[in-house]
Amino acid sequence: MVRKLILTGVSALLLFSCGHSEKAEKLEFKTVKGISIQTVEPSYVKDYDSFSGVVIPSDQIIISPKVPGYLLKIKVKAGDNVKKGETVAVIDKKALTPDVKRALAAIKEAEAGLKEIENALEEVKAKKQAAEASFNLAEKTFNRFKNLLKEDAVSKQKFDEVKAQYEMAKANLKAVEAKERQLKAKEKQLLAKKEQAKAMLEKAKAYVSFTYLKSPVDGVVLQKLTDEGNLVSPGVGILKVGTFPLQVKALIDSEYADKLKVGDSLTTIINNESFPSTVVEIDKDADPISHKFAIKLKLKNYKNVIPGMYATVLIPQEKEQRILIPQSAIYRVGALEYVYVIDKNNVAHLRYVKTGRKIDGKVEIISGLRPGDRIAVTGIENLCDGAKVER
């Protein structure tokens with residue numbers, strides 16, 4: 001009854017606005033040109049069952065420090081995308097820099113000692129060459145005098161003098177060689193000390209580098225687990241990061257348990273945008289209360305999508321007949337929707353319709369139109385109820 005009254009009122013207004021005479025009894029309807037007319041025909045539309053879901057990461061990791069210290073800076077926030085190797089937080093490194101300085105000092109000290117050893121070895125090398133020459137000469141002289149002594153060609157006193165010189169040259173050579181061995185042993189110790197200091201330096205530098213926390217994966221920041229200024233230590237989580245690709249988890253009616261399979265392609269709606277998705281996991285252990293089972297779908301494209309967003313998973317049904325008309329054919333008066341139906345005499349009549357979904361750029365008509373009806377689809381702002389249409 002209310003609808004009838006509203007329609008009557010709207011029609012009366014439109015009739016009045018279309019008339020060209022000031023007297024109602026002589027009301028004449030105008031003729032409107034340039035109107036496009038379309039015959040209503042049913043369309044086969046694939047229907048869908050829709051199920052609620054939520055966007056989730058494929059996996060979750062906790063980023064925690066390898067060294068203790070005060071947290072100076074968290075460089076990302078929840079919802080930010082991060083790249084593998086990107087610095088996401090910084091820890092104060094003041095407590096670790098002395099280790100670097102000590103290692104550098106130890107390396108410098110070892111290198112100074114090695115320089116001294118190098119110079120000493122050069123001196124020993126020259127002394128050794130001289131000692132070897134003296135020993136070789138003394139040895140030859142000793143052997144010659146030993147043969148002369150056997151032949152009584154030299155006095156025993158002279159032989160003893162030559163022998164003493166030989167023994168002295170031999171002892172001197174041994175002393176020089178001992179000094180050389182001592183210096184080389186010291187050199188070896190200093191080289192080991194230098195390598196140890198270098199290892200300490202690498203370790204200290206590594207610890208300093210650990211003060212820059214880096215993301216181990218490409219992903220999205222899910223949650224900040226602590227605040228700047230706090231004292232953190234190994235094992236204490238700082239950030240929770242979700243890995244790509246993003247997925248959607250949805251609960252599906254149990255009637256689909258034997259209809260869906262891994263690899264099926266479905267459509268997922270997020271923020272009124274359609275995303276192709278693929279079923280990657282099915283948990284057929286239905287909830288005893290809701291009688292629904294969980295599925296996970298991998299999103300093939302997740303631009304502007306973050307975990308936690310609401311999602312709708314569409315499962316296609318059999319095609320059904322629907323009446324779809326261009327959106328331009330809808331005439332709105334407040335919250336009510338109408339179309340202009342053109343009769344066989346090309347006269348426009350305003351008709352109330354109930355609309356449904358928007359499908360492929362058109363509007364679904366639930367009631368108010370029948371196949372075969374002719375409707376105006378353009379220029380409706382120039383029409384009124386009872387107007388004559390000329391194309």
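Rings of Phe, Tyr and Trp (its six-membered ring) were paired if their centres lie within 6.5 Å, with planes under 30 degrees apart counted as stacked, over 60 as edge-to-face and the rest as tilted. The model is predicted: local features need pLDDT of at least 70 and side-chain atom pairs pLDDT 80 or more, while totals for chains, interfaces and linings use all residues. Residues are numbered from 1 along each chain as its sequence is written, and side-chain values use heavy atoms, without hydrogens and water.

Ring pairs join Phe-135, Phe-142, Phe-159 and Tyr-166 into a cluster. Seven aromatic pairs were found in the whole structure. In the pair of Tyr-331 and Tyr-340 the ring centres are 5.7 Å apart and the planes stand at 55 degrees, so the pair is tilted.

Asp-264 lies in the loop between β12 (247-253) and β13 (265-270), strands being DSSP runs of E of at least two residues, numbered from the N terminus. Asp-264 is buried, with a relative accessible area of 15%. Leaving aside residues up to four places away in sequence, Asp-264 touches Lys-259, Ser-277, Thr-278 and Val-279 (contact: heavy atoms within 4.5 Å). Lys-259 in turn lies over the face of Tyr-256, 5.2 Å from the ring centre; the criterion is NZ of Lys or CZ of Arg within 6 Å of the ring centre and within 35 degrees of the ring normal.

Key:
Helices (H or I, at least four residues) and strands (E, at least two) are DSSP runs, numbered from the N terminus. Buried means under 20% relative accessible area, exposed over 50%, partly exposed in between (1.4 Å probe, protein chains only).
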